[in-house]
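Subject: Structure handover, with notes on its spaces and helix contacts

Dear colleague,

I am passing on to you the structure below, together with a description of what was found in it. Please keep it open beside this message as you read.

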Amino acid sequence: MGVDLHLEVIAAEGRRAGIERALRDAVRDGRLAPGVLLPATRRLADELGVSRGTVKAAYDQLVTEGYLTARQGAGTQVAALPSVGAEPPEVAARARVPRFDLRPGSPDVGTFPADAWLRALRRAVATAPSPAYDYGDPRGRIELRTALSDYLGRARGVLAPPERIVITSGYVQGLSLLTRVLDGAAIAMEDPGLPFHREVVRRAGGRVVPVGVDERGARVEELTGPGKVSAVVVTPAHQYPTGVTLHPERRRALTDWARARDGLIVEDDYDGEFRYDRQPVGALQGMAPGQVAYIGTASKTLGPALRLGWMVLPPHLVDAVADAKLHSDHHTETIGQLALAELITSHAYDRHVRACRLRYRRRRDRLVDLLGAHRDVRGIAAGLHALVEVADEAEVRARAKEAGLAVGYLEEHWHVPGAVAAGARAQGLVVGYGTPREGVYEEALAVLGRVLNGG
């Protein structure tokens, strides 16, 4: 039958010429993509109020010019036009994707539990009440908030009543919403830390203040200096990018600071489920649920494409954050929420996390086997990345580029650019072992070893 087709035919050009021009322009500017099946000549003639012969003549002319293709029994389709000066798609894709990718920040998306997700999705859609397809609560579906309340309590030690949970479209939205609610406040962020998150805070109206990180985690004493800091964003289970765990004394000092100053702790628990050498460190939120906004996400456990995250908020912030969410995007899409709730309540989520934990531990072990005897490798007790110290990042970066290897660099994470060059900061590679597919991981490690050894 072909697609529905809207054409602006200029009568002054003549019917056939007007149809030809309208179709030609639609193909050129991409409104009609290659392969699209055009309406049958009789149907388009009826819609335009012209004779079938006029439409057929226009189609024939554009076939001759190469804009359309026509085969007996297959109808008339839009032809693929070459783009002048453009690289073939596969060449452009190769240019964007490094040959060996050990950058941090992503899981192995090839482990996404497609079968389990599909079963959960079918179950969710089959049992969803009709109102689930309408506009919903900005806090998120009660099914997912209830499922998360149970899961976060038993797996992460989070005190998470459903009424204090807000579902978001990932961590970035949660951080942005909190910053907006704090309304221009000074927010301390770990140094080193992820530059993108600092920019999120700035664009949401916050003022970023660095707080140093050492071998015991965030230096809490820096929060009590001159100037009022209203909130601090921390990664206590596995600091990004150094990989240290916030020391128990620092955890207590941080919660004491929040109580004394009426401050807010934003806990980024981005990879808290992945701890390898002992039981996972419980969330900081369990020590001070009235002072901690806990943010988690499915991006590392399932995949970033789902865009599903959650906040567990102190009671006094729930309404304000829900209102900010309402005026941001009303609510996170519902069907994915229902599917994730089903995945959690069926315990398929737990099984998937356990399988991933085992897989990533094996990858971590292979990385340590390769580098551990010759390099200072840090942050290996948990997560999906490790910090490998080097003497000269610039030199290693040049060798990595030549070898087609992509990794993260500690220099990129400091609040003050150029400090590394001045000799004031440590240097190192942030190596992610979650990103590569299993089939290329060993080769990527071998390339990393050669790059570090100057080969």
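This is a predicted model: local features need pLDDT of at least 70, side-chain atom pairs count only at pLDDT 80 or more; totals for chains, interfaces and linings use all residues.

The largest pocket

The largest pocket holds about 610 Å³ of space, and of the 32 residues that line this pocket, Leu194, His197, Tyr240, Asp268 and Lys300 are the closest to its centre. Several elements take part in the lining, with helix H7 (171–182), strand E5 (186–191), helix H8 (195–203), strand E8 (231–234) and strand E14 (405–409) each supplying at least two residues. Helix H8 gives the most to the lining of the largest pocket, namely three residues. Sorted by class, the lining of the largest pocket consists of 13 nonpolar, eleven polar and eight charged residues.

The cavities

The largest cavity has a volume of about 50 Å³, and its lining is made up of Arg156, Ala237, His238, Asp271, Gly272, Phe274, Arg275, Val281 and Ala382. By class, the lining of the largest cavity comprises four nonpolar, two polar and three charged residues.

The second largest cavity has a volume of about 40 Å³ and is lined by Leu152, Arg156, Asp269, Glu273, Tyr294, Gly296, Thr297 and Trp310. Helix H6 (142–156) and strand E10 (292–297) each provide at least two residues of the lining of the second largest cavity, and E10 gives the most, with three residues. The lining of the second largest cavity has three nonpolar, two polar and three charged residues.

The helix pairs

Helix H12 (residues 348–371) packs with helix H14 (residues 438–452) at an angle of about 25 degrees, and their axes are 10 Å apart. That angle makes H12 roughly parallel to H14, and the crossing of these helices is right-handed. On the H12 side, the residues that meet H14 are Arg359, Arg363, Arg364, Arg366, Leu367, Leu370 and Leu371, while on the H14 side the residues are Glu438, Tyr441, Glu442, Leu445, Leu448, Gly449 and Leu452. This contact of H12 with H14 has seven nonpolar, one polar and six charged residues.

For helix H2 (residues 41–48) and helix H3 (residues 52–65), the axes come within 8 Å and cross at roughly 115 degrees, and H2 passes H3 in a right-handed crossing. Here Thr41, Arg42, Leu44 and Ala45 in H2 meet Arg52, Val55, Lys56 and Tyr59 in H3, and the residues of this contact divide into four nonpolar, one polar and three charged.

Lastly, the axes of helix H5 (residues 114–127) and helix H11 (residues 334–345) come within 8 Å and cross at roughly 115 degrees. H5 and H11 are therefore roughly perpendicular to each other, and their crossing is right-handed. The contact is formed by Ala116, Trp117, Ala120, Leu121, Arg123, Ala124 and Val125 of H5 together with Ile335, Gly336, Leu338, Ala339, Leu340, Glu342 and Leu343 of H11. By class, the contact of H5 with H11 has eleven nonpolar, one polar and two charged residues.

With best regards

Terms used
Residues are numbered from 1 along each chain as its sequence is written. Side-chain values use heavy atoms; hydrogens and water are left out. On a 1 Å grid over the protein atoms alone, a cavity is a set of points where a 1.4 Å probe fits but cannot get out, and a pocket is an open set with protein on both sides within 12 Å along at least five of seven lines; lining residues have an atom within 4 Å of a point. Grid points are joined across faces, edges and corners, and a volume is the space filled by probe spheres set on the points. Helices (H or I, at least four residues) and strands (E, at least two) are DSSP runs, numbered from the N terminus. Ala, Val, Leu, Ile, Met, Phe, Trp, Tyr, Cys and Pro count as nonpolar, Asp, Glu, Lys and Arg as charged, and the others, Gly among them, as polar. Axes are lines fitted to C-alpha atoms, for helices over the stretch in contact, and angles run from 0 to 180 degrees between N-to-C directions. Angles under 35 degrees count as roughly parallel, over 145 as roughly antiparallel, 65 to 115 as roughly perpendicular and the rest as oblique. A crossing is left-handed if the near helix is turned anticlockwise from the far one by less than a right angle, and right-handed if clockwise. Contact means heavy atoms within 4.5 Å.
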